[in-house]
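Thanks for coming, everyone. I have one structure to walk through today. Let me put it on the screen.

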Amino acid sequence: MSPFSKSLRLSRWVVAACVRQHSSLTDELIVNMDKKATWDRFYSENSSKTKSFKNFEWFFGFDAVRDFIMPFLQTKSNPDAPLQILDMGCGTSALGPCIYRHSPVPVRVTCADISPVAVQLMQEHVRSKAIEPLNLSSQLEFVELDCTQLHQHFGLSSVDLIIDKGTTDALLRSKGGKGKAGLVLKQCLKVLRGSGSLLQFSDEDPDARLLWLETETQEQGVKAADVGVQEVGELRGVYYYCYQVTPRSNV
C-alpha cells in the first residue's frame, strides 16, 4: 500500500465517532468531511442526544498532549503582547479552553471552526460555565472561520502556535478535501511567525504524513519550513503522532 493510499483510509476515530449516529450521517462523513453542512449536521445531531453540553474530542483530550503543547507556552517573543494561539478546526473540543486555563503566560486563544453550530455551542457553554485562566491577562474567543482562508482573520506572521487535532486528517480523507488540506497548510505558514510552529496531531503513519508535508512545503511560492515528528503514544490500539511544522526564519 502506498503512502498516499494509506492517507485515504477511513481512520478508526471516524468510525468510533459515528457509532451513535445513523448510517446516512456515517456515509456523509466518509466522503464529505470537508463540507460545512456535514459538520453542522454532525454537531446538531450529537448535541441533541444529551440534555447537558459535553465536549466532543477527536482522538483524545488535552491531557494526552499537554506535554507537547506546554513547552510552547513558556516564553513570549514580544513581552508586551499575549501569545497568539489558534485551535484550528476546534469543533466542540476542550483543547483550546484548556490551553487558556493552563497557560502560565498571557495567551489569546482563538478556537476556530467552519461550523457555526459548533462555534455557537462552545460560546454558549463558556457563557454558562466560566473558565478561569491561570494568567488573568489571557483571552479566549470562538470564531466561525474557513481554515483555507486564515488570512481573513489573522495578519501575516501574527500567530505563535497553531494546533491541528484531526482537521487535516478529515480533509485528506474526504472525497474532495486533499486540495483544501494543502491550502490550509499554506495558510498556516503565511500567518505563523518565524518563531512559530504548527502542531498536527494525527494517527497517520509518518511515512505518509511526512512525505505529504515535505512535498507541500517545497512548492514554489510557499514559505520554506522544517518538518519533524514525535510519537504521542498508543490509545485503544491506535498509534498517534505529533507532526511539527516550523517556518524557516532565515528565508
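Start with G196. Setting aside neighbours within four places in sequence, G196 is in contact with V159, D160, T246 and P247. This is a predicted model, so keep that in mind throughout. G196 lies in strand β5. Is G196 buried or exposed? It counts as buried, because its relative accessibility is 0%, and the cut-off for buried is under 20%. Look also at R248. G196 and R248 are 52 residues apart in sequence, yet their C-alpha atoms are 9.6 Å apart in space.

Now step back to the whole chain. The secondary structure comes to 10 helices and 7 strands. There are 251 residues in the chain, and 51% of them are buried. Take the contacts between residues at least 6 apart in sequence. Of these, 76% join residues at least 24 apart.

Next, the sheet. What is the strand order? Reading across, it goes β3-β2-β1-β4-β5-β7-β6. The sheet is open, has 7 strands, and its pairing is mixed. At the edges stand β3, residues 139–144, and β6, residues 225–235. Each has a single partner strand, so one side of each is left without a neighbour in the sheet. On average, neighbouring strands are turned by 15° against each other, direction ignored.

Let's go through some pairs. β1 and β2 run parallel, joined by 6 bridges. Within that pair, L86 has T110 in β2 as its bridge partner. β5 and β7 pair in the antiparallel sense, over 5 bridges. Q200 stands opposite Y243 in β7. Then come β6 and β7, also antiparallel, with 10 bridges between them. E234 has its bridge partner in β7, and that partner is Y239. β6 and β7 form a hairpin, with 2 residues between them. In the turn, R236 has a positive phi of about 50°.

Stay with β1 for a moment. How many of its residues are buried? The count is 6 of the 6, so β1 is largely enclosed by the rest of the structure. L83, I85 and D87 point one way from the strand. Q84, L86 and M88 point the other way. Both sets are buried, D87 and Q84 included.

What packs on the sheet? Helix α9, residues 178–191, lies across β1, β4, β5, β6 and β7. Against β5, α9 runs at about 145°. Helix α10, residues 206–217, packs on the sheet as well, touching β5, β6 and β7. The direction of α10 makes about 160° with that of β6.

On to the cores. In soluble globular proteins, nonpolar side chains tend to be buried together. Here, the largest nonpolar core has 32 residues. Which residues have the most contacts inside it? They are I69, L73, I85, I99, I163 and F201.

Go back to L73, in the 32-residue core. Leaving out residues up to four places away in sequence, L73 touches L83, I85, I99, S103, P104, V105, V107 and L161.

P71 lies in the loop between α5 and β1. P71 is exposed, because its relative accessible area is 52% and the cut-off for exposed is over 50%. P71 and S103 are 32 residues apart along the chain, and 9.9 Å separates their C-alpha atoms.

Last item: a helix pair. Two packed helices are described by the angle between their axes and the distance between the axes. The axes of α4, residues 36–48, and α7 come within 7 Å and cross at roughly 40°. That makes α4 oblique to α7. Which residues meet there? From α4, they are K36, D40, Y43, S44 and S47. From α7, they are P116, V117, A118 and L121. By class, this contact has 5 nonpolar, 2 polar and 2 charged residues.

That's the tour. Over to you for discussion.

Technical notes
Residues numbered from 1 in each chain as written. Predicted model: local features only at pLDDT ≥ 70, side-chain atom pairs only at ≥ 80, totals over all residues. Heavy atoms only, no water. Core = buried A, V, L, I, M, F, W, Y, C linked by side-chain atoms within 4.5 Å. Buried < 20%, exposed > 50% of the residue type's maximum accessible area, 1.4 Å probe, protein only. Contact = heavy atoms within 4.5 Å. Axes fitted to C-alpha atoms, helices over the stretch in contact; angles between N-to-C directions. Helix = DSSP H or I, 4+ residues; strand = E, 2+ residues; numbered from the N terminus. Parallel < 35°, antiparallel > 145°, perpendicular 65-115°, else oblique. Nonpolar A, V, L, I, M, F, W, Y, C, P; charged D, E, K, R; others polar. Pairing = 2+ DSSP bridges.
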